[in-house]
Amino acid sequence: MKNRILTLTTCVFCLAPQGFAQHVSVQEQTETLKTYKFSDPNPVATPSNLFYPYFRFDGFTAKGENREWKTVELENDYIKVTLFPEVGGKIWGAVDKTTGKDFIYKNGVAKFRDIAMRGPWTSGGIEFNFGIIGHAPTSSTPVDYLVRQKDDGSVSCYLFSYEWLTRTAWTVEVNLPKDKAYFTTHTTWYNQSDVDQPYYQWMNAGYRVGQKAEFCYPGDHLIGHGGEVSSFPVDENNRNIGWYDSNNFGNSKSYHVLGYYNDYYGIYWHGEDFGSIHHSNFDEKLGMKIFLWGQSREGGIWEDLLTDQNGQYIELQSGRMFNQPASNSAYTPYKHHSFAPQMTDAWTEYWYPVKGIKGVSKASTIGALHVMREADGLKLAFSPLEKLSTDLKIYKDQQLVETLSLTANVMEPVTLTSLKGKDIPEGHLKVVIGDNLLVYSDNPENFDLKRPMTLPEDFNWNSAFGLYTQGEQWLNQKVCIIRKSKCSRVSKRKVHFTKRSV
C-alpha cells in the first residue's frame, strides 16, 4: 500500500527568528505488528443479548503472527499521534518528541482477548465507547475515516461509525495543531432514531505504570459502579490511593472521582519528572475514572494476556456522566440517563504531556502548573503547551500581591519564585496566568461542590414516583420490565407502565 502524506510547513516570522519553520503532517501508511488474532464469528445474533443486533467472536489464539495494519499518523514538532482505523479507530499511542516518552500507552502488539461486548479487545491507546456500559461493539473492528489538512494549518483525522445497538452515529475528529504540544478529540454524537436511547459515553485511555505514579485527580470522594461512596485520595483505611503503589491490596479497582469543580485530571510519574494530562470543560465531561488491575498475580495475569513486553498499564477514563452506572446505581443520585430522539451532543477534549515541574496542581489548555511552598519562596513551575509572553499574578484572596513576567516556549518548563507569595496562608492563595488562561486556587470554597452524594433516607421507592423512576431507569439501560404486582398497588394514582421497544 502506498503511503499518503500531507505535510504543512509554516514559516513563522513574527514569533521566531527568520528561517525557523514549523512542520505538521498527516500520513496514511501501514505498520507491521505482531497480532494475536480473533476469529469464529457466531453466525447468529441473539435478540436476548443486550448488544443485539451484533454477534460475538468466540475464537482467540495464544500464538501471534505479523500482520500489516492501516495507520494514520499526525505529527508536529512536539508530539506524534498514531491511530488504527481498523481497530475501532483507536488512538493507538502518543509520543512526546522532546523526551521520546509515551504520554499515551502504546502497545507493541495487538493482542485481542475476550473482554468487550462482542469479545475481542486490546489494551492501550484511547478507545471510544458509546451506547451502553462496556467496551463498545466497535472497539476492535474497522471504522470509516478521513484525513484533512485544515485552513488554520492543523491536520485532522475524522473517525465515524454507526452504532447499531442504540441506532446512533458518532464522529470523533482527532486534531493536531501546527504549533501546540497537545491534540484534541472533538466528538459529535447523534441519536437519529425516534425514541429515547441509553446515554453512555466514555473515553478509555491507557497509561503505563511507570515510576512513582501519582493520580492528579481533583476531588475528595469516589463512587463505585453502584454509586457507593468512599473518601479520596485517603481512603477509610488511611491509605493514600491517589498513588499507584498504595493500591497494592485487593483485586482490580474502579474509582470514579468527584467532589470538586474542575476541568482536568492526569497522571504524574515522579520517578521520571514527566506526566500526562486530560482537559475538558467540567460540564462537558463530568466523569473521571481510574481503573487498576490488581497488583497481585490476579491482575498480573492480564499483563501477560494483553501485551508481550510493554508492561502493566493503567486506565484513566473521561465520561459524560459521573460514573459508569451498574443497575443498582439507579437507586442513588448517579442515575442512568437517556439520549432524546434527534438530539445531537458535541464536546472537545485535550490530551497532552507535561514535564519538569515535579507534579501538577492545576492544568488548562495552555499547560500545567505546579505550586510548591518552600523555605526560600513560593515556587511556580509551569510546563507550557504553546509559546507565551504574559503575566503571572499572585493574589491573597482578591488582593493582588505580586505580578511576575512569564515567557515560555513550547515544552520548555519554567519555574518562577515569589518571595511575597510565600507568606500567603494556605487557603488564601490564587494564581492567575494571563487573562484567566489558567487559574489556580487553594481555597476549597472556590471549587468544592455541594452536591448530595446519597438519596434521602425517607425516599419511598414503592410510591408512584418511586415506581415511575424505577421503570424509567430500566428503560434507560435498554432493559424492559413489567412490574405488575407493584403497579396494581398504585393503579388508583393512574401510574401505568407499558412495554416499550428501544
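The charged end of arginine 118 is placed over the ring of phenylalanine 55, at 4.7 Å from the ring centre. Keep in mind throughout that this is a predicted model. A second case of this kind is lysine 90, which lies over the face of tryptophan 121, 5.5 Å from the centre of the ring.

Phenylalanine 55 comes back in another setting. One aromatic cluster is formed by Phe38, Phe55, Phe57, Trp69, Phe84, Trp92 and Phe112. So the ring under arginine 118 is also a member of that cluster, by the definition of ring pairing used here.

On to ring pairs in general. A pair of aromatic rings is described by two things, the distance of the centres and the angle of the planes. How many aromatic pairs does a search of the whole structure find? The search gives 28. Take phenylalanine 130 and tryptophan 189: the ring centres are 5.3 Å apart and the planes stand at 65°, so this pair is edge-to-face. The cut-off that decides this is an angle over 60 degrees. Phenylalanine 130 belongs to strand β12, residues 126-130, and tryptophan 189 to strand β16, residues 183-191, so the contact ties together parts 59 residues apart in sequence. Are these two residues buried or exposed? Both phenylalanine 130 and tryptophan 189 are buried.

Tyrosine 182 and tyrosine 350 make another edge-to-face pair, with 5.0 Å from centre to centre and 70° between the planes. Here tyrosine 182 is in the loop between β15 (168-176) and β16, while tyrosine 350 is in strand β28, residues 344-355; the pair therefore ties together parts that are 168 residues apart in sequence. Although tyrosine 182 is in a loop, its relative accessible area is 11%, so tyrosine 182 counts as buried.

Next, cysteines. A disulfide is a covalent bond between the sulfur atoms of two cysteines. How many disulfides does the structure hold? The number is 0.

Now the charged pairs. Side chains of opposite charge can pair when their charged atoms come close. The count of salt bridges comes to 19. One of them joins aspartate 114 and arginine 56, with 3.0 Å from N to O. Aspartate 114 lies in strand β10, residues 113-116, and arginine 56 in the loop between β3 (38-41) and β4 (57-60), so this bridge ties together parts 58 residues apart in sequence. Aspartate 114 is partly exposed, with 43% relative accessibility, and arginine 56 is partly exposed too, with 21%.

Lysine 180 forms a salt bridge with aspartate 179, and their closest N and O atoms are 3.1 Å apart. Lysine 180 counts as buried, at 18% relative accessibility. In the bridge between aspartate 448 and lysine 450, the closest N and O atoms are 3.8 Å apart. Of these two, aspartate 448 is partly exposed at 24%, whereas lysine 450 is exposed at 65%. There is also a network in which salt bridges with shared partners join Lys34, Lys111 and Asp308.

Then the sheet. Strands of a sheet pair through backbone hydrogen bonds, either parallel or antiparallel. The one I picked is an open sheet of 4 strands, ordered β33-β32-β35-β36, with antiparallel pairing. Which strands stand at the edges? They are β33 (399-408) and β36 (438-441); each has a single partner strand, so one side of each is left without a neighbour in the sheet. On average, and ignoring direction, neighbouring strands are turned by 15° against each other.

Within that sheet, strand β32, residues 388-396, is joined to β33 by 9 bridges. Leucine 388 stands opposite alanine 408 in β33, and serine 389 has threonine 407 as its bridge partner. The hairpin of β32 and β33 has 2 residues between the strands, and in it aspartate 397 takes a positive phi near 55°.

Last, a loop residue. Asparagine 248 is in the loop between β21 (229-231) and β22 (253-258), and is exposed, with a relative accessible area of 54%. How far apart in space are asparagine 248 and asparagine 262? From C-alpha to C-alpha they are 28 Å apart, while in sequence they are 14 residues apart.

That is what I have; comments are welcome.

Notes: Residues are numbered from 1 along each chain as its sequence is written. This is a predicted model: local features need pLDDT of at least 70, side-chain atom pairs count only at pLDDT 80 or more; totals for chains, interfaces and linings use all residues. Side-chain values use heavy atoms; hydrogens and water are left out. Rings of Phe, Tyr and Trp (its six-membered ring) pair if their centres lie within 6.5 Å; planes under 30 degrees apart count as stacked, over 60 as edge-to-face and the rest as tilted. Buried means under 20% relative accessible area, exposed over 50%, partly exposed in between (1.4 Å probe, protein chains only). A charge sits over a ring if NZ of Lys or CZ of Arg is within 6 Å of the ring centre and within 35 degrees of the ring normal. A disulfide is a pair of cysteine sulfur atoms within 2.5 Å. Two strands pair if DSSP finds at least two bridges between them. Axes are lines fitted to C-alpha atoms, for helices over the stretch in contact, and angles run from 0 to 180 degrees between N-to-C directions. A salt bridge is a side-chain nitrogen of Lys or Arg within 4 Å of a carboxyl oxygen of Asp or Glu.
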